Amino acid sequence: MRAISVNDSKNEKCKSVIETLFSNAEKLPDKIAVIAGGKQVSYLQLKKLIIGASDYLTKIGIKPGDRVIVKALPSISFIAAIFGISLCRAIMMPLEKTIPEAGVNEIAEKLDAKLSITNYETDKPDNLLLDKLMEYAEEFANSGKADNYKAIFPDVDKVSAIIFTTGTTGKSKGVVLTYRNNLAAAQNTMGTTGMCEDDINVVPAPLNHTYGFRRTMGSLYIGATIVLLNGVTSARTFFNSLEELKGTTLTLVPSAMEYILRVSGDLISKYKDQLTYIEVGAEPVSGDLKKRLLKLLPNTNICNTYGSSEAGCVIGINYRTHPDKIGSIGCDAVNAEIYFTDEKHRMIEADSPKNSGFLTIKGPMVMVGYENEPELTATVLKDGILYTNDIGYRDSDGFIFLLGRKGDVINVGGNKVSPSEVEEVANRCPIVLECACVPCKDPNGILNQVPKLFVVVNKDEEFSESELKKYLAAQLEPYKVPLVYETIDELPRTFNLKIQRNKLR
């Protein structure tokens, strides 16, 4: 796996992803950059579209530092728009593709957006139809006006984007990122997955979320081809991207990968000699999923990445080369330094589940802060160091293990219980369709906390608490077996399918 640092790349003089993309357009003009919605563009064509989009935005008054909302549709238009915003040296704010007009207006007002680029018509002068922007960009590109364009690239330490968190533990927050942040995060992705120029990256992940957003940045930075999909609900479209477009890599959240396997069985194994790697991340990955992918795809690297909206990918592992570390989330990415601290942000040695600490992150990919949230920023960020609520430890080989988030990890008489470990075992039981484990007060009044399991019952089964408890007791240590059970119709999730444990707690 090739390691890449901030100052070591084929375009080492380029200081931002957009500058590197323009360099790629000169070096790889005919290489396909983006495929989406049945259309494709080369790097040179994409560069011209970006210039055209920038020209239009400048004509309607967008200036450096202005904030521009853009709905994150999986399209070439969206890619041209966000880089067009960057070329104006304005600030992009990608929003979830299904967000209603009222939601767009609320965020625009709250964050003083100069313009909203959407997929719906309104009479508001500060709303621009994405198709209209693309129509102008295409005419501009075809006119030859872009051929002699001299780009003025943004300063690396200027704000590039405001990305919104998915809000699993409360309201969504605006994460402020610079061009340097995006570049370092892209390089981390490359280093942890082994991404290269020859890849055809299939990305069904939402592009307003850090996972899909930064994989897009990484692909265009390295000069690869990226295939944008509108999720994985259409298994036919998903497999067509592998069959017809010859996709060589996949970037998926674990729940999306689980869905593909559930609806298609072992069909993914057909591509064992085509797929170079599958990256799963953005939420905990079960050991069962890792093992199944390793078995189905014996010639494919199965990579897990850990990261956040605040810092992007900072930890990664290839389970193909480290099968003995199946429970680990990996080692520090090329631009990241991972430490462990206590609740007062003092550095500690965290070397076991009982002697664990909070993951603490340092590196050029760490955010500037939360937009309009100085007090909240001060609780997690100090001197460029990000203090997370994720609890874990590092083993003697340097591999990091994650137990869960503060509030999610259950302290049973001094023993720390990882909710994901309980859930992984429970999900194997025929009674359980899906489940979530959270802490609750001990009904017997002996311990402070005990595990509680919310269960969505498999439609073909009848719920039996005693049967499920017996099943768990056969595979888990006694203190990890939930004492309290509750059936529920469905688990509360974010748009990105992450379980909202705070609602269950």
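The legends below describe close-up views of a predicted model.

Residues are numbered from 1 along each chain as its sequence is written. In this predicted model, local features need pLDDT of at least 70 and side-chain atom pairs count only at pLDDT 80 or more, while totals for chains, interfaces and linings use all residues, and side-chain values use heavy atoms, with hydrogens and water left out.

View 1. Helix α5 spans residues 130–143, and its 14 residues reach 20 Å from the first C-alpha to the last, close to the 20 Å expected at 1.5 Å a residue (the expected span is 1.5 Å times one less than the number of residues; helices, H or I of at least four residues, and strands, E of at least two, are DSSP runs numbered from the N terminus). The buried residues of α5 are L130, L133, M134, Y136, A137, F140 and A141, where buried means under 20% relative accessible area, exposed over 50%, and partly exposed in between, with a 1.4 Å probe and protein chains only. These residues lie on the same side of α5 because they cover an arc of only 160 degrees around the axis, the arc being that of the directions from the helix axis to the C-beta atoms. On the face turned away from the buried side, α5 carries the exposed residues D131, E139 and N142.

View 2. Just after α5, G144 takes a positive phi of about 90 degrees.

**View 3. Aromatic rings.** The structure holds 6 aromatic pairs, counted when the ring centres of Phe, Tyr or Trp (its six-membered ring) lie within 6.5 Å, with planes under 30 degrees apart called stacked, over 60 edge-to-face and the rest tilted. Y393 and F401 form a stacked pair, 5.2 Å centre to centre with 10 degrees between the planes; Y393 is buried at a relative accessible area of 13%, and F401 is buried at 16%. Elsewhere, ring pairs link Y56, Y136 and F140 into a cluster.

View 4. A search of the whole structure finds 0 disulfides, a disulfide being a pair of cysteine sulfur atoms within 2.5 Å. For C435, the nearest cysteine sulfur is that of C437, 7.8 Å away, and C435 is buried at 4% relative accessibility.
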